[in-house]
Every structure is written in C-alpha cells, then in structure tokens.
Amino acid sequence: MRSKKLKAYWGLIREESSLLRAYFWKYRRLIGIGVFSLFIVDLLEIVPPLLLKEAVDSLSKPDPSGTLAELALIYLIISAVQSVGRYMWRMFLVRGSMQTGRDIREVYASKLFGLSPSFYDKKRVGDLMALATSDVEAVRMALGAGMIVFADSLFYLITIPVAMFVLSPQLTLLAFIPLVFV
C-alpha cells in the first residue's frame, strides 16, 4: 500500500517538475558553468581559516614576517579568484534563469494569441496576467536563486565539516555531538 502511494507521489513530482527539467536541460551549459563557479568559490571558502591557522602558528617562529607575507599574498590571490568566481556564478545562473523566464513568457503569449475569443469571455484577464508574471517569476527563481541556494548548501555541507576536521578534530567532534540529539 505504501509503495503505491510513494510511486504515485514520485510520479506527481516528475510530472510537476517536467517544465523545470526541460529548461534546466535547455540551459545546462549556463547552469553548469554557474554551478561549477559556485563550487570553486565554496571550495576556496575553506582556505582562509586554514591560512589564519598557519599565520597564528607562524607567530611563534623567530622571524614570521616572510611566512606572513606569503600567506597574505595567497589570501589576496584566493580573494581575487573568489571575486571572479562569484561574478561568474551570478552571471551564468541569473542569465539562465532570465532566459528561462523569457522563453516561458514567449510560449505562454503564443498560446494566448492562438485561443478563441470565447476563451477570454470565460477567463478573467487578471488571472491570465498573474500566470504571465508571478507564476513565471516563481519558475525563474527556482532555476536562479533556488539553484544557487541548493548548490551552495550542498557544497557547504560537504566542505565545511572537512575544513573543521582539518583545523581541529576534537572540536569538530564536540560540535557535531548535538546533531545526534537533533
């Protein structure tokens, strides 16, 4: 019984998400470059705490100035790469979502232009306009901001615990103990 409900549920999700999947596939290059750029930025996010650890550790050496200058240079380079990466993921993911919104509006408008005048007697113009604006915007945001939040959260979930463990295995374990109870 449960298996049939689960299959019906997944079938409904597959059917409801077919529009998103179609446009995701159509703009896969833009979305792929954007997600890859986001991954690089998130991967580089774990480096500054490691550099800070090295900088603090180097202060106990007799002449830390050379090490600190090298770490500062590495930090500046990483910041520059992150800036370019942030620009890229914003441009590519937002461009893909904007083009999706444009395409959906074009399909919707061509469909409306092909309908008979009797259709417009039965439907309110406000309802049709709501579909053209807020509903299309919701789909566009799912491919733009939704993709960013999803990918960003997934990458952080993977990378941050690793960085925490590299910095201090004991503190990482202590930090994750409450998760067992949550």
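1. Basis of the values. The model is predicted, with local features requiring pLDDT of at least 70 and side-chain atom pairs counted only at pLDDT 80 or more, while totals for chains, interfaces and linings use all residues. Residues are numbered from 1 along each chain as its sequence is written, and side-chain values use heavy atoms, with hydrogens and water left out.

2. Overall build. The protein has 9 helices and 0 strands, where helices (H or I, at least four residues) and strands (E, at least two) are DSSP runs numbered from the N terminus. Along the sequence the pattern accordingly reads α-α-α-α-α-α-α-α-α. The C-alpha atoms fill a box of roughly 85 × 45 × 25 Å along the principal axes. The radius of gyration is 24 Å, whereas a compact globule of 182 residues would have one near 16 Å; the radius is taken over C-alpha atoms, and the globule rule is 2.2 Å times the number of residues to the power 0.38.

3. Among contacts (heavy atoms within 4.5 Å) between residues at least 6 apart in sequence, 78% join residues at least 24 apart.

4. Helices H4 and H5. The axes of H4 (residues 47-58) and H5 come within 10 Å and cross at roughly 170°, which makes H4 roughly antiparallel to H5. Axes here are lines fitted to C-alpha atoms, for helices over the stretch in contact, and angles run from 0 to 180 degrees between N-to-C directions; angles under 35 degrees count as roughly parallel, over 145 as roughly antiparallel, 65 to 115 as roughly perpendicular and the rest as oblique. On the H4 side, Val47, Pro48, Leu51, Glu54, Ala55 and Ser58 meet Thr67, Leu68, Leu71, Ile74, Tyr75 and Ile78 of H5. The residues of this contact divide into 9 nonpolar, 2 polar and 1 charged, with Ala, Val, Leu, Ile, Met, Phe, Trp, Tyr, Cys and Pro taken as nonpolar, Asp, Glu, Lys and Arg as charged, and the others, Gly among them, as polar.

5. Tyr27 and its partners. Tyr27 lies in the loop between helix H2 (18-26) and helix H3 (28-45) and is buried, at 9% relative accessible area. Leaving out residues up to four places away in sequence, Tyr27 touches Gly96, Gln99, Thr100, Arg102 and Asp103. The C-alpha atoms of Tyr27 and Thr100 are 73 residues apart along the chain but separated by 8.0 Å. Thr100 is found in helix H5, is buried at 1% relative accessibility, and touches Tyr23, Tyr27 and Leu143 under that sequence exclusion of up to four places.

6. Asp103 and Arg102. Asp103 lies in helix H5 (residues 65-113) and is buried, with a relative accessible area of 6%. A polar contact of 3.0 Å joins the side chains of Asp103 and Arg102, and another of 3.4 Å joins those of Tyr27 and Arg102. A polar contact is a pair of N or O atoms within 3.5 Å; within protein, one must be able to donate a hydrogen and the other to accept it, and residues adjacent in sequence count only if both atoms are side-chain atoms. Beyond four places in sequence, Asp103 touches Tyr23, Lys26 and Tyr27.

7. Phe150. Phe150 lies in helix H8 (residues 145-167) and is exposed, with a relative accessible area of 55%.

Notes. Buried means under 20% relative accessible area, exposed over 50%, partly exposed in between (1.4 Å probe, protein chains only).
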